[in-house]
Amino acid sequence: MTRTTVIIGGGVAGMTAASRLADLGEQVILLEREEQVGGHLRNWDRLFPNRRPGYEVLNYLTEELGSKVDIRCLQTVTTIFSGERDFQLQLASGKSLRCDALLLATGFDLFDARRKEEYGYAIYDNVITSAELEELFRSGAPITTRQGKVPKRVGFVHCVGSRDEKAGNLYCSKVCCVTGVKQAIEIKELFPEAEVFGFYMDLRMFDRHFEEMYYEAQQKWDINFLRGRVSECAENQDQSIVLKIEDTLTSRPLKMTVDLLVLLVGFVPSPETLRLAAMLDLPVGEDRFLEPADEHTKSTLTVKPGVFLAGAVKGPFSISNAIADAGTAALQIHAYLKTL
Amino acid sequence: MKEFGYTVHKERLIDYDRNDKRVLNHLKKHEPSVLTCIACGSCTATCSAGQLVDFNIRLVQTLLRRGEIEPLKKEVRKCMLCGKCILICPRGVNMRNLILAIQTAIDKLQ
Amino acid sequence: MIIEGKKRLWQEYQKEIADDRYFYVRSCVRQNFFPASEKVFLRILKEELGKDVYENAAHTTCSGIGYHSDVVPFETAMTVIARQFSLMTESGYEHFVTSCITSFGLYSEVLETWKHFPDVLQKVRGYLKEATGRTFELPKNVAHASDVIFRFRNEIASRGTHRLVNHLTGKPLRVVEHIGCHYSKMFPSKGVGGAEYPYVLVGMIEDWGGEVIDYPERRHCCGFGFRQYIVRANRGYSIANSKKKFESMKPYQPDFILTNCPGCPMFFDRWQYALSEMEGVTYGQNGEGIPVLTYEELSGLILGYDPWDLGLQVHQVPVEPLLDKLGIPYDPETKFAGKDGQDLGRPDAPTHMKFF
Ligand code: SF4
Ligand code: SF4
Ligand code: SF4
C-alpha cells in the first residue's frame with residue numbers, strides 16, 4: 001500500500017517539505033488555501049540580508065516541486081478524523097482524503113497594526129506597515145506620502161505587536177529588525193537625501209550577515225538608529241506624523257516629525273493553524289504557537305504520532321530557517337512512515 | 001508682565017525638528033566614523049577624564065546626533081585627548097578627531 | 001486623516017449608559033469653577049428630557065483630589081465611596097452618574113478593584129459597617145454626566161435653537177475637544193470611544209453641526225495634575241502643559257474648546273489669561289483667547305438658554321466672540337448682574353487679552 005503524506009499549507013515550509021518528501025520517494029499531497037502556492041513570500045519584494053529578489057527563491061521552490069507533487073490549491077480542510085494509524089481529511093470542496101502522515105505548515109499572519117491604536121495606523125494618512133512598503137517596492141510604484149510628496153524623513157518603528165503585553169504578544173518576532181534595516185537601506189537607495197530613522201528597543205541581528213548589514217546601514221547609508229519605543233503618533237496639519245519617543249540614550253523625551261512612518265509588524269499565529277491544532281488536540285504554547293514534542297531534539301514532531309510541524313506554526317521564522325526546518329520535518333516524516 | 005509666584009517651565013524634551021544639525025553635518029564630512037557608534041559605552045567606561053569629572057564621551061556622540069549642540073560646547077573641553085577610547089571602540093570611531101572636529105564646527109558657528 | 005479608521009474604533013468602544021433614574025453626585029469644585037454647569041445638567045435632564053434624577057444631601061466628596069494628591073489612602077477612598085453607594089441604595093437607585101471625571105475614574109478604579117479582589121470588597125463592607133452601620137449594593141451602571149448628555153445628544157439637538165455653525169458664514173465651527181485624563185486613560189473600555197480617540201465629545205460636536213479639530217497634542221493632559229497645581233511653586237509645570245496644547249492647537253484656529261472634566265476647562269480658561277499676562281501671548285484671533293466651555297454650558301447654548309444664566313460671565317477668556325459666531329443674543333449690560341439683578345462688580349480688564 002502506498003503511504004501518503006498530506007501537507008497543509010503551501011508556503012515556503014510546505015513547498016520545501018513537499019519537494020524533500022517526493023525526493024525521498026514519498027507520495028505527497030500539498031493543500032493550499034490560496035490560488036497559488038508561495039505564501040507570504042509572494043508578497044515580498046527583496047529578501048534580507050542580501051536584498052535578492054524574493055521571486056528568485058519562490059521560482060526555485062516552485063521549479064523544485066515540478067510535477068513530482070500533487071498540488072491542490074483553493075483547498076480548505078474542514079475536519080480531520082484521527083484513525084488508529086491514519087487520518088481522514090474532509091475538505092470544503094466536499095472531497096475527502098486519507099493519509100498516513102500530516103504536516104502542518106499553515107504559517108503565520110501579520111500582526112494587525114490597527115490594534116496599536118496609539119500609532120494611528122488606518123487613521124493617519126502616512127502610517128503604513130512594512131508589508132505595505134514591501135508591496136510598494138514590488139509594484140515599482142513611486143513611493144510618496146499619501147499627499148504625493150517625496151518623503152524627506154522616514155521612520156521605522158520596531159516591535160509593532162511584538163514584545164508587548166498590551167498586544168498580548170510577549171515574544172520577539174525575530175525577523176522584523178532585519179527587515180527594518182533592509183527596508184531603511186532600500187528607502188535610502190531611492191531617496192539618498194532622505195533622513196531615515198529606526199526606532200528600536202534592541203536590534204536583534206541574529207543571523208549571518210545581519211550585523212554587517214546593520215553596520216552598512218549606519219556607515220554607508222547614514223541611517224539613524226534611535227533607542228526607544230515609539231509611544232504615540234499624531235498627525236500634523238500637513239498630514240506628516242509627529243511621534244513621541246524616549247531617547248533612552250540621553251534619558252529625555254524626544255519629539256520628531258516624519259513624512260512617512262513604517263510599522264514593522266510582527267508574526268501572530270494564524271487562526272487557521274489554531275483551528276487545525278484544536279481538531280488534532282495539539283498543545284498550544286502561551287504564545288499561541290504550536291508546541292513540538294521537544295523544543296531541542298524533536299522540533300518537527302508533535303506529541304501525536306503521525307502529525308508533524310514545519311515553519312512558522314511554531315513561531316517566528318526567517319525564510320532560510322523555514323527551509324531548513326522543513327527539510328528536517330521531511331526526514332522525520334520519512335523515518336516515521338518507514339515504521340508503519 | 002504680572003508676577004504670579006511661578007514661571008512657565010521650559011520643556012525638557014528634545015525637539016528634533018528644531019535642533020541644529022550643522023555640527024553633525026560637519027562631522028559627517030570630517031569624521032564619518034561617528035555614524036557607526038552603537039552606544040555600547042566602552043569608551044565611557046575607560047575614559048581617562050570620565051573617571052574624575054562628569055564627562056560621558058558616548059553621550060557626547062548621542063547629543064551630537066540629536067543636534068543638541070549647547071551641551072557639546074562645554075563637554076568637548078573635558079576630553080584629554082589621550083586616545084584610550086579609540087583603542088577600545090568596537091566600531092572604530094575616532095574619538096580624538098571627533099572631539100577636535102566638534103570644536104572646529106562650534107568655532108565656525110560663532 | 002482617515003475617518004473610517006476612527007469610526008471603526010468608535011464601534012469597538014461602545015458602553016452601556018442607563019437611560020433614566022439616575023443617582024447624581026456633584027463635583028467638589030465645579031460649582032466654584034463653572035457655577036451653572038451642574039444646574040444646567042439637572043435642568044436639561046429633568047425639564048427638557050423628563051428624566052428622574054436624584055441627589056442626596058448627605059453626599060460628600062469622593063476624596064479623589066486627596067487620593068490623587070497622596071493625602072488620602074486608597075482604603076479610605078474606598079470606604080468613602082462605599083458610603084456614596086449606600087446613599088444610592090437607600091434612595092432606591094441603581095444608576096450612578098458622576099459630575100466629576102476624577103470621581104468617575106476613582107469609582108471605576110474602586111469597582112474594578114472589587115471585581116478582581118472580592119476580599120477587598122468584603123473588607124470595605126466591614127469598614128463601612130463598623131464606621132457608620134451602613135450597607136450597600138453595587139451600582140448596575142456607572143456613567144459620567146457627559147456620557148448621559150452624549151446619549152441624549154440627538155434629543156438635545158432636536159429641541160435646540162442653535163447649531164454649531166457660524167451664522168454669518170454658514171460654516172461649521174471648528175472645535176477642540178479635550179477629555180479628562182481619568183475618563184478613559186485608566187480604563188479605555190469605560191469611555192465612549194476608548195482612550196486614544198474618545199468619541200464622547202466628538203459625538204456631541206458633530207451631531208450639533210460642528211467640526212472637530214484633531215491636533216498633535218490632543219491626547220496631552222491639560223496640566224491640572226493635582227500635585228502640580230495645588231502647590232503654588234509647582235504651578236509652572238501645570239501651565240507649561242496647557243501652553244504646549246495651546247501652541248499645538250493654535251494653527252488650526254479653533255472657535256472654542258469643549259471639555260468634560262472639572263479641571264480641564266478651569267485650566268484652559270485661567271491659564272490662557274495667566275499666559276497672556278506672563279508672556280503677552282493670546283491663542284485666538286485678533287488678540288482674543290480661545291473660549292472654553294463645559295459640555296453642559298454648550299448644551300445650554302444649543303438649547304437657547306441665556307448665556308449669563310449659564311455662568312459664562314465668570315470665564316476668564318471672554319465668550320462673546322463665540323456667542324457672536326453662534327448668533328446668540330446677549331445683553332452686555334446684564335453680564336455682571338446677579339440673579340437678583342444686583343451688580344456683582346466688573347473684574348479688571350486683562351492687559352493683553354481682548355475683553356468685553
Ligand atoms: S525582531 Fe526586532 S523588531 Fe522584531 S520583535 Fe524582535 S526586537 Fe522587535
Ligand atoms: S581621548 Fe578623551 S574621551 Fe577618549 S578616553 Fe581620552 S579623555 Fe576620554
Ligand atoms: S566605544 Fe565606540 S561604539 Fe561604543 S559607545 Fe563608544 S564610540 Fe560608540
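Visitor: How many nonpolar, polar and charged residues does the shell around ligand 1 have?
Guide: There are five nonpolar, three polar and four charged residues in that shell. One thing to keep in mind is that this is a predicted model.

Visitor: Which residues surround ligand 1, and what makes A:R204 count as charged?
Guide: The shell consists of A:H158, A:C159, A:S162, A:R163, A:C172, A:S173, A:K174, A:V175, A:C176, A:C177, A:D202 and A:R204. Two elements of chain A give two or more residues each, namely β12 (153–160) and α4 (176–190). As for A:R204, Arg is on the charged list along with Asp, Glu and Lys, so A:R204 counts as charged.

Visitor: What about ligand 2: which residues surround it?
Guide: Chain B provides B:C47, B:S48, B:A49, B:F55, B:I57, B:C79, B:M80, B:L81, B:C82, B:G83, B:K84 and B:C85. By class, that gives nine nonpolar, two polar and one charged residues.

Visitor: Now to rings. Why is the pair A:F308 and A:Y336 called edge-to-face?
Guide: The structure holds 33 aromatic pairs over all chains. In this one the ring centres are 5.6 Å apart, and the planes meet at 65°, so the pair is edge-to-face. The cut-offs are centres within 6.5 Å for a pair and planes over 60 degrees apart for edge-to-face.

Visitor: Where in chain A do those two residues sit?
Guide: A:F308 is in strand β20 (residues 307–309) and A:Y336 is in helix α7 (residues 319–338). They are 28 residues apart, which is how the pair links distant parts of the chain.

Visitor: Why is C:E277 called buried?
Guide: Its relative accessibility is 2%, so C:E277 counts as buried. C:E277 is found in helix α14 (residues 263–279) of chain C. Leaving out residues up to four places away in sequence, C:E277 touches B:M1, B:K2, B:F4, C:P350, C:T351 and C:H352.

Visitor: What makes you say that a charge sits over the ring of B:Y16?
Guide: The charged end of B:K21 is 4.2 Å from the centre of that ring and sits over it. The distance cut-off is 6 Å, and the charge must also be within 35 degrees of the ring normal. Over in chain C, the charged end of C:R125 sits over the ring of C:F136, 4.4 Å from its centre.

Visitor: Last stop, the interfaces. How much area is buried between chain B and chain A?
Guide: About 2000 Å², with carbon and sulfur atoms giving 45%. B:Y16, B:R66 and B:R91 supply 29% of the area that chain B buries there, more than any other three residues.

Visitor: And how much between chain C and chain A?
Guide: About 1600 Å², of which carbon and sulfur atoms give 45%. On the chain C side, C:M1, C:I2 and C:R219 lose the most area to chain A, together 34% of what that side buries.

Terms used:
Residues numbered from 1 in each chain as written. Chains lettered and ligands numbered in written order. Predicted model: local features only at pLDDT ≥ 70, side-chain atom pairs only at ≥ 80, totals over all residues. Heavy atoms only, no water. Near = heavy atom within 4 Å. Phe/Tyr/Trp six-rings, centres within 6.5 Å; stacked < 30°, edge-to-face > 60°. Helix = DSSP H or I, 4+ residues; strand = E, 2+ residues; numbered from the N terminus. Buried area = accessible area lost by both parts, 1.4 Å probe. Buried < 20%, exposed > 50% of the residue type's maximum accessible area, 1.4 Å probe, protein only. Contact = heavy atoms within 4.5 Å.
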